[in-house]
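Biologist: Please go through one part of this model closely, beginning with the sulfur atoms and moving on to the contacts around the rings. Give the cut-offs as you go.

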Amino acid sequence: MKLRFGFSVGVLALVTVIAGCGGGSSDRSLSGCLGQTAFAIGSGVEPSAVSVSGVIEMESQTRVDSDTSDDLRLNQAVSNNCDTEAQPLPVTGVAGGYVSATSGIYPDTGQQLDFAQDVQDYYTAQLKAGDRVSLQVFQTGDVEPGRARLQIFDPSDRQVFDSQSGFTSEPPFLHSIAMGQGEFTIRVSSASGGPMRYVLIAAAEGTASMMNTAYADPGFVPGEAVVTLRENGSDPAGDQLVTSLAADGAVALGSGAWKLSMNLPGAAAPLNQQAQAWQRTETLSWIKTLREHPDVASVSPNYHIHAQTLSPGSNPLYSRQWNLPLINLPIAWQAAPNFGRGVGVAVMDTGLFSATPNSYGNWHPDLNANVVPASVDLLDYVSGELDIDNQQGRDTNPADPGDSQARSSNFHGSHVAGIVSAVDNSAGIVGVANASTLIPVRVLGRQGTGNLSDLIDAVSWAGRTDSGVDVINLSLGGVGPDVALENAINDAFENDKLVVAAAGNAATDEPTYPAAFDNVVGVGAVDAGGTRASYSNFGVSVDLVAPGGDASRDANLDGAADVITSAWGTDDGGVFEPGYAGLQGTSMAAPHVAGVYALMKGEASTLTPGQFFALLADGQLTDTVGSATEYGAGLINAVKAVDAARGGNIPDVLAASPSVLSFSQATLSQSLSFVRYPSSAEITIQSVVVGDDWLQIDPAIAGGAPPSSVTVTVDASQLDTSQIYSSEILITYNGSRELEIPVNVRLVDPTDERNAGRHYVLLVTSDGNYDTVAQTVVSATGGQYRFQFGAVDPGDYFLVAGTDTDNNGFICESGEACAEYPVNGLPQPISVGLDPISGIALSTSFRRPTISALGAPRVDFQGYRLNRDGPTAKKVQVQ
């Protein structure tokens with residue numbers, strides 16, 4: 001059979017490769033190495049003259065699956081289908097790959113592109129306790145969705161992790177190794193279905209694991225932007241300036257922020273997918289123009305925010321609250337007889353269940369007695385198309401209008417409020433601070449989604465000194481490091497309002513906001529056994545952890561899934577009935593911490609957010625349950641927290657960021673920042689002890705107040721690249737207090753072993769059609785790619801490169817390596833004239849830049865189309 005493939009570099013011929021490796025471990029019950037069908041391609045024609053050339057570098061510790069579908073097509077695959085053929089993966093290292101349970105042909109218009117069967121890939125990694133292994137999966141094309149499976153085996157060939165039946169979702173599936181040290185074997189396989197791209201990462205404890213392997217494309221409101229002005233702007237009051245910037249109106253938000261609108265044709269009419277994409281593109285173009293104004297400090301899209309809850313499936317309702325004894329609440333209540341009385345807790349969420357949602361009151365019976373009385377304050381901030389109650393726009397009634405679905409999904413705010421403040425009335429559940437004043441603030445509307453501008457306004461109100469709010473719970477996320485939101489949070493902090501936020505449910509260490517802001521307590525989730533929930537984020541977004549549940553586990557062996565039971569409701573047929581439900585998520589973890597703070601403040605009314613952070617950094621609020629990377633300061637302990645507040649002995653504490661230093665061949669020097677808690681604390685450093693002479697700190701800091709930061713450097717000449725090193729920096733301050741900073745060093749990954757896979761290098765027209773006018777193929781040599789094109793017609797072109805691991809004719813898709821000139825995610829045209837261009841430098845990676853690096857989402861980007869027989873077509877627009 002002959003198959004056509006439209007690359008300009010050759011013609012395909014059918015070949016067969018039989019791969020074997022002499023028998024894998026039968027103890028694992030895994031299939032052995034499999035035969036593969038592949039396609040070879042002829043060599044291309046060398047260009048007669050060079051007009052454009054350069055080098056593509058790749059990130060340290062980058063690897064590629066040795067038998068991708070592209071490799072199999074070319075008959076250049078190296079089998080890695082059993083443990084004796086396993087590829088080494090450095091730590092911290094990243095590998096892009098491909099698996100598929102079946103082979104076949106991609107659906108296409110007149111072209112035939114095949115995908116090969118590759119059931120499994122094997123890797124080995126030198127891991128130690130606290131290291132992490134993660135797998136992120138991306139589906140390919142209009143074919144049967146695949147289901148991936150991740151398995152990990154320890155040095156004794158014992159399976160320590162199995163994702164069981166497989167998964168298809170894009171959020172990374174993560175496992176922390178906590179069993180010994182040595183060479184672990186990792187198996188990535190396809191449990192069923194068609195082709196999948198994947199990114200496999202092995203990350204050392206305390207290091208960022210580069211989980212942003214897909215371009216972030218969060219939702220936002222077309223035609224709207226959130227803007228802050230410079231203090232030295234031409235019009236300090238802002239009214240005149242923002243009026244000139246907004247083509248269709250401006251609304252003042254709190255904390256110096258504004259919501260601006262533009263004239264956007266068709267904004268009010270239902271739009272097809274193409275028109276929606278056009279509106280998003282036009283909005284981002286307008287935002288780019290706003291950023292160039294000299295009086296504008298920051299601009300962002302009006303992002304959608306979302307509740308941080310995962311549905312546990314069709315679990316029954318539970319009367320058990322295992323989460324309360326897990327953090328010692330029954331004992332804490334004996335030490336806190338006020339139960340949070342007089343402390344205002346603002347739950348910013350979907351609003352509150354009411355039997356009569358069109359009027360204020362008739363709240364859920366487990367919450368009704370604690371809800372703040374009606375007033376003239378705005379408590380419903382949901383606006384625009386997301387507002388689905390009977391009173392459009394902002395108003396004083398925070399009742400949850402439901403969603404009129406057979407299975408209601410909108411009572412998220414009631415569930416969160418119940419965890420914080422459910423009354424001890426023998427009717428149902430009991431809240432952490434069951435006598436606190438509950439202030440429901442509706443910021444999430446349709447399907448648990450809200451807008452950034454509404455959230456900023458709500459936080460600004462709650463942050464006022466006269467709001468009656470003492471703690472703000474944000475069981476939501478989905479925005480980048482927005483300046484206007486951070487300003488509102490900082491204002492609240494300065495006015496003695498503690499802000500608590502859910503760390504997110506993507507099982508990643510990529511910063512999640514608002515949880516990752518400095519003045520926010522970011523909360524991760526644990527199951528009933530105190531182990532990090534499989535979905536919970538970690539890293540910089542997590543200051544501590546609390547019960548969030550995990551429906552996939554029964555860690556306390558009570559015969560029920562580890563979900564959090566709290567208030568809920570139904571609105572079937574428009575009839576509102578109170579009830580209860582079991583949910584999981586960091587949304588459930590955050591209100592535990594907000595409630596504990598309310599207990600503390602109920603016993604010590606002068607307690608401030610800064611003092612809470614000082615106690616947290618001093619270890620007085622939590623129990624250590626694992627590494628700081630996954631658990632932050634540890635699991636909240638209500639008894640310890642109440643005792644610390646009642647004792648009133650607030651320490652002056654010195655903390656470091658990052659809390660763990662990790663070095664590699666590519667990173668031999670890092671900045672270490674110091675933070676004081678509270679901010680007014682007087683700190684004097686007595687001594688600094690560095691564990692090894694290959695570790696240096698500059699400048700010397702003993703004998704005075706700590707600087708804002710120091711530089712820590714590793715002398716690699718003293719170390720063996722085959723070894724793993726651990727050390728510490730011990731800082732003694734204020735007499736006998738100590739700050740210990742662990743240090744890990746791994747100097748593996750020689751440059752010539754780097755390989756991100758065969759790269760297709762393209763020159764693409766910059767006229768909006770994105771046609772590929774020139775294409776070449778390069779392989780890695782010495783840790784880099786060198787490319788050159790023959791004579792190219794004068795013009796402006798985008799220069800891009802990347803892998804096509806699934807052989808679907810597109811590069812730079814999620815899960816594939818990608819390089820764009822000059823910066824990945826922000827391509828700029830190069831101008832080709834009559835003179836040759838040489839020395840162009842790009843960088844390729846399986847990682848993708850964050851929203852904060854890009855400045856805005858990358859709308860609907862899916863990759864660049866390679867040349868085929870016939871006219872070239874673009875897949876999507878490039879933003």
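Modeller: The S-S bond of C812 and C818 has a torsion of about 85 degrees, so the disulfide is right-handed. This is a predicted model, in which local features need pLDDT of at least 70 and side-chain atom pairs count only at pLDDT 80 or more, while totals for chains, interfaces and linings use all residues. Residues are numbered from 1 along each chain as its sequence is written, and side-chain values use heavy atoms, with hydrogens and water left out.

C812 and C818 are joined with an S to S distance of 2.1 Å; a disulfide here is a pair of cysteine sulfur atoms within 2.5 Å. The count by this rule is 1 disulfide. C812 and C818 are both buried (buried is under 20% relative accessible area, exposed over 50%, partly exposed in between, with a 1.4 Å probe and protein chains only).

Next, the aromatic rings. The model has 16 aromatic pairs. Rings of Phe, Tyr and Trp (its six-membered ring) pair if their centres lie within 6.5 Å; planes under 30 degrees apart are stacked, over 60 edge-to-face, and the rest tilted. Y360 and W363 have ring centres 5.0 Å apart and planes at 85 degrees, so this pair is edge-to-face. Y360 is partly exposed at 24% relative accessibility, whereas W363 is buried at 6%. The pair of Y513 and F517 is tilted, with 4.9 Å between centres and 50 degrees between planes. Y513 is buried at 16% relative accessible area, and F517 is buried at 5%.

One aromatic cluster is formed by F493, Y597, F612, F613 and Y677. Y597 and F612 also belong to a helix contact: V593, Y597 and M600 in helix 9 meet P609, F612 and L615 in helix 10, where contact means heavy atoms within 4.5 Å. By class this contact has 6 nonpolar, no polar and no charged residues (Ala, Val, Leu, Ile, Met, Phe, Trp, Tyr, Cys and Pro are nonpolar; Asp, Glu, Lys and Arg charged; the others, Gly among them, polar).

Helices (H or I, at least four residues) and strands (E, at least two) are DSSP runs numbered from the N terminus.
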